[in-house]
Amino acid sequence: MEMEQLVEEILRLKEERNAIIMAHNYQLPEVQDIADFLGDSLELARKAVNVDADVIVFAGVDFMAETAKILNPEKTVLLPAGRATCAMANMLRVEHILRAKERYPGAPVVLYVNTTAETKAYADITVTSANAVRIVSKLDSDTVIFGPDKNLASYVARETGKKVIPVPEHGHCYVHRKFTLEDVERAGKLYPNAKLMVHPECTPEVQERADIIVSTGGMIRHAPEWNEWVVFTEREMVYRLSKLYPSIKFHPAREDATCIGMKAITLKHLYESLRDMKYRVEVPGEIASKARKAIERMLELS
């Protein structure tokens, strides 16, 4: 089926199913273009609270679709590709959290939304890269247990002055860990007038060279402040930014900064997902109930 036909069929099925397509900023351009709502993890979580549809087709990775299901237990949530998963989310296991709680009794468990529903059930509150600093600074405790991204934990510690215990010890996003000081130097030579926008999942040494350290939603908000940027995050963010601000220049810091999980979803997967109503996302009731409290607390403090 040609791309035009796929788009027509997706739109037809979407209306037939009373469905909405939600997509993350790292999705393929053609998936971004057909989405009803595009955003970062925080924006997608907020949007998922009040979705006026019977079916949510989530063009993202599994933990995002789980979050949508947790917030909409009565709706059908579909993940178009079964292998659309997040390697970093899968690094954190329940036993990591339990061991940390034994070592730091009383310290709140703050989990990045980039985690499985099972681990979220052990969180006191969830955060995204957009609100992590603000939320941790509001917590009463001077020590927090934070998982799973070590680099975001380091950024939060630096910005809040609190003791942040990373769980697991070496949790990371393989895409953001690719960026090095060599990439920073190369960006300076290739684009001498550009500023650097860097995601907080990047390593501390790359963050130190940034003009701004922001989530993907923050990149969208701050982009109009300058006329040329080198973007240190997943490559497809450049497509989103360029479409929003055609008069501003955006360059990917690395062409190979691609998330395999995000790229697992194509237009064909969206079509087949709506056609066959697959793959349905389910979260066990007790896990969903506990995880929902942590997510809702984040949304309240945001």
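1. C202 is a buried residue, with a relative accessible area of 0%. The closest cysteine sulfur to that of C202 belongs to C173 and lies 8.3 Å away, which is too far for a bond. The model under review is a predicted one, and the remarks that follow should be read accordingly.

2. The disulfide count for the model is zero. C86 takes part in no disulfide, and its nearest cysteine sulfur, that of C259, is at 6.6 Å. A disulfide would require the two sulfur atoms to lie within 2.5 Å. C86 is also buried, at a relative accessible area of 11%.

3. Three helices deserve mention for the lining of the largest pocket: α3 (41-49), α4 (62-71) and α9 each contribute at least two residues. The largest share, three residues, is supplied by α9. The helix α9 covers residues 174-177, and the loop between β8 (163-166) and α9 holds P168.

4. Five of its five residues are buried, so β3 is largely enclosed by the rest of the structure. The side chains of V55, V57 and A59 point one way from β3, while those of I56 and F58 point the other way; all are buried. In a regular strand, side chains alternate between the two faces of the sheet.

5. The pairing of β3 is parallel with both β1 and β4. Five bridges connect β1 and β3, and within this pairing I21 stands opposite V57. Three bridges connect β3 to β4 (residues 76-78), where V55 has T76 opposite.

6. A further sheet is open and has four strands in the order β10-β9-β11-β12, paired in parallel. Its edge strands, β10 (212-213) and β12 (249-252), each pair on one side only. Between β9 (residues 195-198) and β11 there are four bridges, and these strands run parallel. The bridge partner of K195 in β11 is W229.

7. How many aromatic pairs does the structure hold? There are two. In the pair formed by F179 and F232, the ring centres are 5.3 Å apart and the planes meet at 55°, so the pair is tilted. This pair links distant parts of the chain, 53 residues apart: F179 sits in the loop between α9 and α10 (181-190), and F232 belongs to strand β11 (residues 228-232). F179 counts as buried at 1% relative accessibility, and F232 counts as buried at 0%.

8. The other aromatic pair is formed by Y245 and F250; the ring centres lie 6.5 Å apart and the planes are at 40°, so this pair is also tilted. The distance deserves a second look, because ring centres must lie within 6.5 Å for a pair to be counted. F250 counts as buried, at 8% relative accessibility.

9. The bond from G147 to P148 is cis, with omega near 0°, and P148 lies in the loop between β7 (143-147) and α8 (150-160). V167 and P168 are likewise joined by a cis peptide bond, with omega about -10°.

10. N18 has phi near 50° and is placed in the loop between α1 (3-17) and β1 (19-24). M277 has a positive phi of about 55° and is found in the loop between α14 (267-276) and α15 (285-301). Which of these residues is buried, and which is partly exposed? N18 counts as partly exposed at 34% relative accessibility, whereas M277 is buried, with a relative accessible area of 15%.

Definitions and conventions: Residues are numbered from 1 along each chain as its sequence is written. This is a predicted model: local features need pLDDT of at least 70, side-chain atom pairs count only at pLDDT 80 or more; totals for chains, interfaces and linings use all residues. Side-chain values use heavy atoms; hydrogens and water are left out. Rings of Phe, Tyr and Trp (its six-membered ring) pair if their centres lie within 6.5 Å; planes under 30 degrees apart count as stacked, over 60 as edge-to-face and the rest as tilted. Buried means under 20% relative accessible area, exposed over 50%, partly exposed in between (1.4 Å probe, protein chains only). Two strands pair if DSSP finds at least two bridges between them.
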